[in-house]
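Please keep the sequence and the model in view while reading.

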Amino acid sequence: MRRHRFFNTTGPCDPIRHYMLPPAERLVGAQLHRYIKDSLYWILHAPRQTGKTTFLKSWMREINAGREAIACYVTVERCQGLLEIERAMLALYSAIRKHAAEHGIPVPQTETNDTVSILNEVLVDWSKLVAPKPLVVLFDEVDVLEGEVMVSFLRQLRDGFAGRGVGTFPVSIALVGMRDLKDYVTAAKDGKSVNPGSPFNIKADSVMLSNFIKDDVAHLFSQRTSETGQQITQEALDYVYDQSRGQPWIVNSLFARATLRILDETSTETVTLAHVQQARQQMIDARETHLDALAVRLDDPPIRSVIESLISGEPNPMLAQGEPFRICLDLGLVTIDDGTPQIANPIYREVIARQMTYSTQLAIPKPDWCWQTEDGTLDMDGLLREFQDFWRTNSEVWEQTVDYSEAFPHLLLMAFLQRVTNGHGRIEREYAAGRGRMDLAIEYNGKWDIIEIKLLRKGQTFEKLKAIGIRQVLNYRDSFSPPLRSKDGTLADCYLIIFDRRPEASQLTWDERIKWIQDGDVTVLEC
């Protein structure tokens, strides 16, 4: 039986050979032709699972296949957690020897009593060994180096930079990781600002690896079409891009699951929107390594504070200026789209929401009331009335136990919905900084419901916020193309839930605070 190539992804699909796109085409601001010719040192940064390592190894092979230079890829991952300079430098030297041997590149046996400076010495000896060709070194996972170890690493590169050349020191070095190394460069220069003489003039030579554009997504699948004849609908391609926003790992994983799990690997049946939607759900439910690793980062208080701000949607003029937001950008968790900070893509939005509501969801009792109608659809009126009762009984006590009070109402409602529906159906979530709201579109057994969540703050009035919210939730419903209609042809039902967070609200009785109002096409709840 013929074995087909699979998409370039790690995980349960266990690919044999990979379809892939040339990562070099996605480098933003790169000058590959100049880095060796002009003896430049440079930085490449991008989130995990975006193709950095694939690019580095591919470029190394390309260089070594020619006559221009000798290049070696070296990951410094084994130095992670090492805070003593001597131990870290010896581990780095061991990594250099290991990777050079793997790629058939000669490397010197450096003898020294000064283990602190062994990196500088081995790079000098290595440059002599490969002469008359210049040496190029591609250091990956550099941002695992911490504190004084990072400072020592950069200083040793700086010390050799001025004398770089054939037989003396690497003519070009790349530092590659998730984060831009501006702060580390400054630290390596004893707090002085970076100047043109620095080996890492970041402004000129800091390169990013971009996500796929729409055409890249189509081109990736076209490789499978060329080999197997299997087609994919335009609707499915658009959905893959919309859900991934071009994040390479997600694109590959959706394609791999659709062609290997939803369909048989030998099938040539056309991949449809339904196949990709099933693949999306499988990927999220399976908590694949990449998604799980991102979810775990939400336990870090600085990262959680950023995500909480995005979930609540409350304006925060300082959000994008802080170090936590920069970390989230470097991790690929968030992006800035049309000037608005938001979660990087819809799949991350779903994973983040599930992670942040998981323990709360488990603490909510199994519903003992009827939340389905006779035709098997969701009785949203009944469900939300039960939620109001649940909020009335539990919210004050539960809020004291959580780490995310700003987004507590949003997260508790999502946990309640998830617990009731037990993972069935589909929830589309929209939230971003400064929106002042969260929108949920819920599909269950062919019926759509839309919920908008808003917070009533000090200085606001309920009536004014209600009027704004009604307009927004109807606009959100109408923004879908085609319109969100239930299986009976009717437009989605709309709900506006307003949580009163004003200080004076605590002085009111629950009977005064809990409201249920029908205002035209929108059902308004106050909690």
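## Basis and conventions

Two strands pair if DSSP finds at least two bridges between them. Helices (H or I, at least four residues) and strands (E, at least two) are DSSP runs, numbered from the N terminus.

The model is predicted, with local features requiring pLDDT of at least 70 and side-chain atom pairs counted only at pLDDT 80 or more, while totals for chains, interfaces and linings use all residues. Residues are numbered from 1 along each chain as its sequence is written, and side-chain values use heavy atoms, with hydrogens and water left out.

## The open sheet

Six strands, in the order E11-E12-E13-E14-E16-E15, make up an open sheet with mixed pairing. Its edges are strand E11 (426-430) and strand E15 (515-519), each of which pairs on one side only. From one strand to the next, the twist averages 20° (axes are lines fitted to C-alpha atoms, for helices over the stretch in contact, and angles run from 0 to 180 degrees between N-to-C directions).

Strand E13 (residues 447-456) and strand E14 (residues 493-500) run parallel and are joined by 8 bridges. Within this pairing, Ile451 has Tyr495 of E14 as its bridge partner. Helix H18 (residues 462-478) lies across E11, strand E12 (438-444), E13, E14, E15 and strand E16 (522-526), and runs at about 150° to E13; contact here means heavy atoms within 4.5 Å.

## Strand E16 and its partners

How do E14 and E16 run relative to each other, parallel or antiparallel? They run parallel, joined by 5 bridges, and Cys494 has Val522 in E16 as its bridge partner. E15 and E16, in contrast, run antiparallel, also with 5 bridges. Lys515 stands opposite Glu526 of E16. The hairpin of E15 and E16 has 2 residues between the strands, and Gly520 there takes a positive phi near 65°.

E16 is mostly covered, as 5 of its 5 residues are buried (buried means under 20% relative accessible area, exposed over 50%, partly exposed in between, with a 1.4 Å probe and protein chains only). In a regular strand the side chains alternate between the two faces of the sheet. In E16 both faces are covered: Val522, Val524 and Glu526 are buried on one side, and Thr523 and Leu525 on the other.

## Aromatic residues

A pair of aromatic rings is described by the distance of the centres and the angle of the planes. Rings of Phe, Tyr and Trp (its six-membered ring) pair if their centres lie within 6.5 Å; planes under 30 degrees apart count as stacked, over 60 as edge-to-face and the rest as tilted. The structure holds 15 such pairs. One of them is the edge-to-face pair of Phe139 and Phe153, at 5.4 Å centre to centre with 80° between the planes. This pair links distant parts of the chain, with Phe139 in strand E6 (residues 135-140) and Phe153 in helix H5 (residues 147-161), 14 residues apart. Both Phe139 and Phe153 are buried.

Tyr476 and Phe480 form another edge-to-face pair, 5.2 Å centre to centre and with 80° between the planes. Tyr476 is buried because its relative accessible area is 8%, whereas Phe480, at 23%, counts as partly exposed. One aromatic cluster is formed by Phe387, Phe390, Trp391, Trp398, Phe408, Phe416 and Phe499.

## Charges over rings

A charge sits over a ring if NZ of Lys or CZ of Arg is within 6 Å of the ring centre and within 35 degrees of the ring normal. Arg164 lies over the face of Phe161, at 3.9 Å from the ring centre. Likewise, the charged end of Arg385 sits over the ring of Trp516, 3.8 Å from its centre.

Ser152 is found in helix H5 and counts as buried, since its relative accessibility is 11%. Apart from residues up to four places away in sequence, Ser152 touches Ile85, Met89 and Val116.

Gln355 belongs to helix H15 (residues 346-363) and is partly exposed, with a relative accessible area of 23%. Leaving aside neighbours within four places in sequence, Gln355 is in contact with Arg287, Ala295 and Leu298. Gln355 and Ala295 are 60 residues apart in sequence, yet 6.1 Å apart in space, C-alpha to C-alpha.

A search of the whole structure finds 0 disulfides, a disulfide being a pair of cysteine sulfur atoms within 2.5 Å. Cys79 is buried at 2% relative accessibility, and Cys494 is buried at 2%.
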